[in-house]
Every structure is written in C-alpha cells, then in structure tokens.
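Here are my notes on the entry you sent. Please read them beside the sequence and the model.

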Amino acid sequence: MERHEMWLDAFSDTQATIYTFPNCVATADLAGDGDYRLIIADIGTGTIPSKLKVYKGTGLQSEVTLQDIPTAVAPMFIDNDSPRLPVITVGTSEYIYVYKNLRPFFRAVLPPLQINSVERDIWGQYDSEETLFELLKNLRSQIGMSALTLKSQHLLTLPQHERHSFLEAHKGTPLVRKNIVTCLSTLRKSHNEDDALACLVIGTENCEIFAKLTLSDVPVFLSTAGLFDIDYTLTCTTRSGQLLIGRRGWVSPLLSLSKPPVGVVCLDTSIIVALMDATLNCYSDKGCRVWTVPVVSPITCLYRVHLRQRNLEMVAVGLHNGHVSLYTLSGECTDTIFFNEPISALYFGQYGRECSSMICVTQGGSLHVKILKRSADFTPELKEKGAGAMAKLQIPKKTKLFVDQTMRERENSIDAFRMKLATARTLVHVLNTKQSPIQESVKLSAEVLGLGPSFVVRIGVMNIGPKSGAGSTGISDLALFFHWNDKFYDVSPPIIHVPFLVPSVEVKFQAKVESINPNGLADVIRVIVLRKKQAQPILVAMINMPPSEIVF
Amino acid sequence: MGIFDKLAGLLGLRRREVNVLVVGLDNSGKSTLLNHFKSEDSKSSEIVPTIGFNVEKFQNKNVGFTAFDMSGQGRYRSLWEHYYRDCQGIIFVIDSSDKLRFVVAKDELDTLLQHPDIANRRIPVLFFANKMDVKEAMSAVKISAALGLDRISNKPWHICASNAITGEGLQEGVEWLTGQIWEYVDRRR
C-alpha cells in the first residue's frame with residue numbers, strides 16, 4: 001500500500017547553527033498580526049554566546065544576546081492591553097528574563113536559599129585551609145553537595161594546589177546559595193483561550209515548583225493542564241526518575257519510573273513519558289501503566305501534537321537516528337518523518353499562518369519546518385501490524401514451576417477434571433438460582449408527595465435494556481415490595497405486581513403511606529424489586545421520607 | 001459562430017455571464033482584490049477574514065463576472081471543490097511575501113488541478129502574485145517556478161504580479177481572463 005506523504009517541506013536551513021534543547025523552542029504571535037514567529041533560545045557554542053533567535057517566515061527576524069545559558073522559553077500573555085502582545089519569558093540560571101517587543105522588559109530573581117548555619121560558621125571561623133577543607137568535606141557528607149553554597153562547592157572540587165589562590169581571590173565574596181531554574185511551563189489563569197492571561201510555573205534546583213510546592217527531588221520536565229484559578233494538574237518528572245503529579249496546593253509521587261525520563265506530556269486523563277531505554281509509556285492519572293511501546297532508537301525529545309480542527313491528540317517523538325514518529329494516544333505509530341541527523345528539539349503548533357506546523361531542530365544545528373497537509377490521514381499503519389503478527393513469537397523458556405505443574409496435571413488428571421467439572425456445575429447452579437442483579441436492567445425512580453401525615457409514594461419502574469435489536473427483551477414477573485418500620489408508617493398496598501415491562505417505557509405505581517408516629521418523626525422506607533419465586537432481590541431503593549406534619 | 005454574433009460582440013451588444021472562482025490561502029488578499037473591482041460606494045473600507053464564501057459581481061468588457069470569493073482558511077478549503085463544476089475561470093491568489101507557505105499553496109493548487117471537475121476541462125487559470133509591494137515579496141517568475149506552473153499543459157494560465165490595495169496589475173490580469181473566457185466560450189459552441 002502506498003502511503004501519501006503527509007508533510008510538506010516548507011523550509012529547511014541546514015546552516016542555521018542552532019543548538020538547543022527541547023524546552024527552548026516556542027512560537028507566538030509576537031507582533032499581534034496573526035503571523036506567528038518562531039522563538040528559539042540558542043545555547044550557543046563555546047565561542048558564540050547564547051542567543052534568543054526569532055524567525056519570521058523563512059528568515060531570521062532578530063536576535064537578542066542572552067546573559068547566560070537558557071533552560072527554557074515560554075511565551076505568554078501577562079496583561080490585558082490591546083493589541084494583545086505576548087511576552088517571552090526565558091529562564092536562565094536564577095533569573096527569569098521577560099522580553100516584550102523583543103526588548104528586555106524586566107527580570108525576576110528567584111529568592112536566594114537559606115545557607116546552612118554550620119557552613120556559615122565554618123567560613124567565618126576557619127584558621128587554615130586544611131581544616132576548612134576537612135570541615136566542609138564532613139559537612140558535605142552530612143547534608144549533601146547540593147545544600148552547600150556555590151563557593152564551598154567550588155572549593156571542594158579544586159585540587160590542593162589551586163585552593164589557596166581560590167581562597168585569596170574570593171576572600172570578600174559573600175556566601176550565597178542561588179536557586180536555579182530547571183524547567184518552565186505556563187498555566188492559563190482563568191480562561192482557556194489562546195490569548196488568555198497566564199502564569200508561569202517554575203521548577204527549580206531546590207526541588208520546588210512555584211506555585212509553592214516542595215518536591216522530594218529536582219524537577220526536570222514539567223507539563224501542565226487546566227486553569228490556575230479553577231483546577232489544574234501538573235506533571236513533572238524528576239532527575240532520579242520519579243513521576244509526580246500535582247494539583248492545587250499539593251503534590252504527590254505517582255510512581256517511580258524504571259529508567260530516567262527524557263520527556264513528559266501531560267494530557268487530560270493520561271500522561272505520556274518517554275524513557276531513556278527507548279520506550280514510550282502511557283500512564284493514567286491514577287498511575288497505572290496503560291501501554292508501553294518500544295521505539296527503534298533512543299528518544300531525544302517528546303512533544304504534544306494537538307490537531308484542533310480534527311480534535312486529534314498525538315505525541316511526536318524525536319529519535320536519535322533522525323526519525324520523528326507520531327503516536328496516537330493508544331500507542332499506534334501513524335507516521336514517521338525522516339531526517340538525517342539526531343533530533344534535538346521538536347515543536348508542533350502554529351507558525352506563520354499555518355496552525356499545524358512541525359518545527360524540528362537537529363543536533364547538527366539545522367532547522368526544518370514541515371507543514372501538515374490538509375489531506376493528511378492519521379489512521380494507524382495496518383501494514384506494520386500485519387508484519388508483527390508474522391514475526392516469530394518469542395516464547396520464554398520452560399520454567400521448573402511450569403514443568404512441575406505439567407507433571408502434576410498429568411499424574412492427577414482425573415481429579416483435576418473432576419474439580420473443573422465441579423466448578424462449572426457450581427457456576428451453573430449459582431447462575432440459575434441466584435441471578436445477579438446486573439442481569440436485569442431495571443431503573444427505579446421514586447417521589448414522595450404530600451406533607452403528612454398522609455403521603456403518596458409514586459414509583460416509576462422502567463426497563464432500560466436496549467430498545468431494539470437482538471438484546472431487546474421485555475421483563476416479566478416482577479413485583480415491588482415495601483419494607484418499613486411499623487412504629488412509624490403504615491403502607492398500603494405492601495406489595496405491587498408489576499406488569500410486563502417493555503424497554504424504555506416507564507410504568508408508574510402509587511402507594512399510600514400513613515405516618516403513625518405521634519411526633520411526626522421521619523424514617524426510611526425500602527422498596528425492593530423482586531422477581532417472583534426468587535429469594536434474591538433485584539434492586540433495592542431507599543426512600544428517605546420527610547418529617548410529617550402533626551395533626552392536633 | 002454567425003456573422004451577427006461577431007458583429008454584436010464587436011459592437012458591445014452581446015453580454016456574457018460567467019462564474020469565476022477566487023481561491024488561495026488565507027490572508028493572500030482575495031477579498032481585497034475583489035473589493036477593488038466594486039463600485040466606489042459599495043467598497044468596504046475594512047476587509048475581515050472571509051468565513052465560508054462571499055459572492056461579488058463586477059463587469060469587464062461585456063463580461064459580467066460572478067466571483068465566488070472563497071475563504072482560504074484551512075477549515076473552509078474543503079468547500080472549494082463544490083464550486084469547481086460550475087465555474088468558467090479560476091483566479092488563484094498567492095501571497096508573494098509568504099515564502100513559508102508556497103508549499104501549501106502548491107499543494108492546494110495540485111489538489112485543485114487534479115480534481116475530476118477541473119482536470120479534463122480547458123479552463124483558464126489566472127494567478128495573482130499578490131502583495132508585490134511588500135519588501136520580502138518574490139517576483140512572479142520565481143513564484144511560477146516555485147509552484148511548478150510550467151507543468152500545467154492542458155489549461156491556459158497567466159501569472160501577473162499585483163497589489164490588491166492600490167489595484168496595480170489587477171486590470172491586466174482580468175483582461176487576460178476576459179479574453180480567455182471569450183475564447184473558451186466560443187470554442188464550446
């Protein structure tokens with residue numbers, strides 16, 4: 001079967017020299033003219049500084065030099081001004097830079113962290129380099145490297161002959177523990193629209209997520225869904241391979257991944273995680289694994305592909321061998337795009353005026369833009385499945401347990417079959433005598449009329465089985481039976497015979513209830529639906545009676 | 001065709017009504033282009049993205065054009081093919097500054113030309129390389145190369161650079177189309 005090419009090659013630049021990470025690519029309508037620009041935070045090479053690059057159409061529009069290596073970019077709307085212009089937020093070390101109209105707008109600093117008091121004392125009172133070094137080393141073994149200040153960390157890594165000059169050079173510098181941004185994400189505040197106000201979700205090296213959540217480990221990938229003011233879910237994976245799920249005000253570890261994660265995508269009810277062992281895993285929001293799909297090469301990046309017009313959700317997976325594969329949420333590969341270099345970053349969204357563009361940056365620094373064809377068809381590749389069925393099945397070796405069990409079955413074959421027969425007989429017996437209530441699809445509704453002491457209870461019975469077709473059957477031989485406390489009520493008639501029930505037609509019955517309690521106290525009346533000549537009730541409903549008026 | 005017809009045609013007595021389809025990607029300037037042909041008092045001062053399609057009428061040299069101004073947005077492009085059957089001419093508008101989406105325009109054009117209602121008819125296709133005033137605009141020659149227009153063998157086509165806001169180039173294109181439609185209609189008699 002010949003497959004149509006689904007993607008149009010809109011633009012490729014192999015000389016773009018972009019070196020970036022998956023979180024550093026985004027698009028936004030920066031000029032407010034409907035022409036989305038591509039924003040790439042380029043980490044640069046050793047000689048070229050980090051830059052924020054903005055592409056318009058097929059050309060570079062502008063560049064802004066960044067102060068430090070960026071960790072993530074996130075365009076978002078922070079005001080309600082018109083025309084609606086988004087700002088670009090860039091997370092670099094401890095700062096969040098905000099650019100508006102491609103000019104630095106402001107800079108936010110993450111609050112510095114508290115310094116361990118012991119460490120402060122050591123630095124304040126040391127007399128010789130050796131003791132300082134030894135004390136810091138002891139402290140490190142107690143509280144861990146990451147809890148020390150930058151200066152101590154630096155000193156501990158130096159060889160002995162460089163320590164002296166380091167201490168001389170940094171004599172006066174104060175002790176600080178910077179908080180470093182590790183990942184960024186945005187969360188819309190109260191409206192789920194493209195240009196709605198958003199707030200920033202920041203994951204830091206100090207195992208925290210702003211909006212004020214403390215984690216047990218350093219977050220590395222962050223993905224959000226929902227609205228900040230109403231309800232939101234954030235999913236993050238940590239460096240040690242934990243998958244955490246957070247909602248308003250709390251965060252809890254969902255599960256531990258078997259391998260370190262390389263990407264996470266948070267969807268409404270499921271979470272898709274790419275792991276380092278070249279598998280793509282889907283978990284439900286309760287933490288159960290739904291599926292695992294192995295891919296041909298190590299995964300480098302993962303991005304959510306949302307086709308709004310077709311209401312289709314997929315994930316794009318960038319691989320080390322230069323393939324970009326699209327997977328549906330049921331784990332089927334629908335398409336693969338081939339590039340000749342390892343993929344370093346992927347993005348899918350509106351670029352220019354085209355709302356389904358795939359932007360792909362390879363490790364060699366080239367930039368590719370692909371546009372999804374209008375006629376693209378994402379039905380899963382059936383061919384692949386057929387090939388899989390033909391392949392030889394991998395049968396595991398026979399274990400000792402298996403062999404023992406086979407032996408036992410062979411020796412005691414008669415007993416084993418007798419047991420099976422007995423089981424089957426018991427099952428048939430259970431089915432014949434005590435039919436489970438699920439088999440009868442009867443719906444019961446009840447309402448209480450009146451103020452008391454005389455009430456009327458009106459009960460509707462409906463057969464909710466299929467209206468037509470093979471499974472459609474009527475129900476007969478039913479009866480309604482009332483069960484009540486005779487200190488409170490008197491019900492007549494106590495039993496009602498239900499006629500033949502046709503599917504989807506409600507039959508109403510009435511029963512008179514007289515309250516005989518002098519204080520008008522209320523009680524519960526049970527309505528039991530019975531099949532005639534069968535002890536087990538089909539359905540039981542409780543009617544909470546209202547307190548009765550008292551007759552003087 | 002009889003001598004009277006020819007005479008009537010020359011004297012401007014004969015009138016023709018033709019349907020033309022105006023297609024192209026969104027934001028390429030189809031509505032702006034047609035707005036230029038409207039009479040002074042019915043011109044709209046502000047052009048908004050078309051939803052579905054609009055019908056405009058204008059005249060050129062005894063030919064009354066009924067132009068179907070189709071919306072170019074992705075979700076409405078599937079509407080185009082429903083009008084292929086009843087049209088006698090196609091105007092394809094291209095935003096010459098939107099280099100990124102030439103491939104999309106080419107894809108849409110190929111789909112159009114391969115459609116069974118179009119493929120076997122010798123229907124004239126007029127291309128407007130619109131927005132020629134924009135700085136990054138590509139020339140008409142480059143666009144015809146990018147769209148692979150030289151491969152169109154069974155249909156008369158013409159490309160002209162235009163500026164729908166000022167009206168530059170529009171008259172030239174429509175005159176060509178009028179001439180082609182006369183030829184097309186006459187041949188079918």
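**Notes on the model**

1. In chain B, 73% of the contacts between residues at least 6 apart in sequence join residues at least 24 apart. Two residues are in contact if their C-beta atoms, placed from the backbone, lie within 7 Å.

2. The model is predicted: local features need pLDDT of at least 70, side-chain atom pairs count only at pLDDT 80 or more, and totals for chains, interfaces and linings use all residues. Residues are numbered from 1 along each chain as its sequence is written, and chains are lettered from A and ligands numbered from 1 in the order in which they are written.

3. Chain B holds six helices and six strands. Both are DSSP runs numbered from the N terminus, helices being H or I with at least four residues and strands E with at least two. Read from the N terminus, the order in chain B is α-β-α-β-β-β-α-α-β-α-β-α.

4. Strand 1 (residues 16-24) of chain B pairs in the parallel sense with strand 3 (residues 63-70) of chain B over seven bridges; two strands pair if DSSP finds at least two bridges between them. There, B:Val20 has B:Ala67 as its bridge partner. Strand 1 of chain B also pairs in the parallel sense with strand 4 (residues 89-95) of chain B, over five bridges. In strand 4 of chain B, B:Val93 is the bridge partner of B:Gly24.

5. Of the 189 residues of chain B, 38% are buried, meaning that 20 or more other C-beta atoms, placed from the backbone, lie within 10 Å of the residue's own.

6. Between the chains, 13 residues of chain B are in contact with 16 residues of chain A.

Key:
A residue is buried if 20 or more other C-beta atoms lie within 10 Å of its own, exposed if 12 or fewer, and partly exposed in between; C-beta atoms are placed from the backbone.
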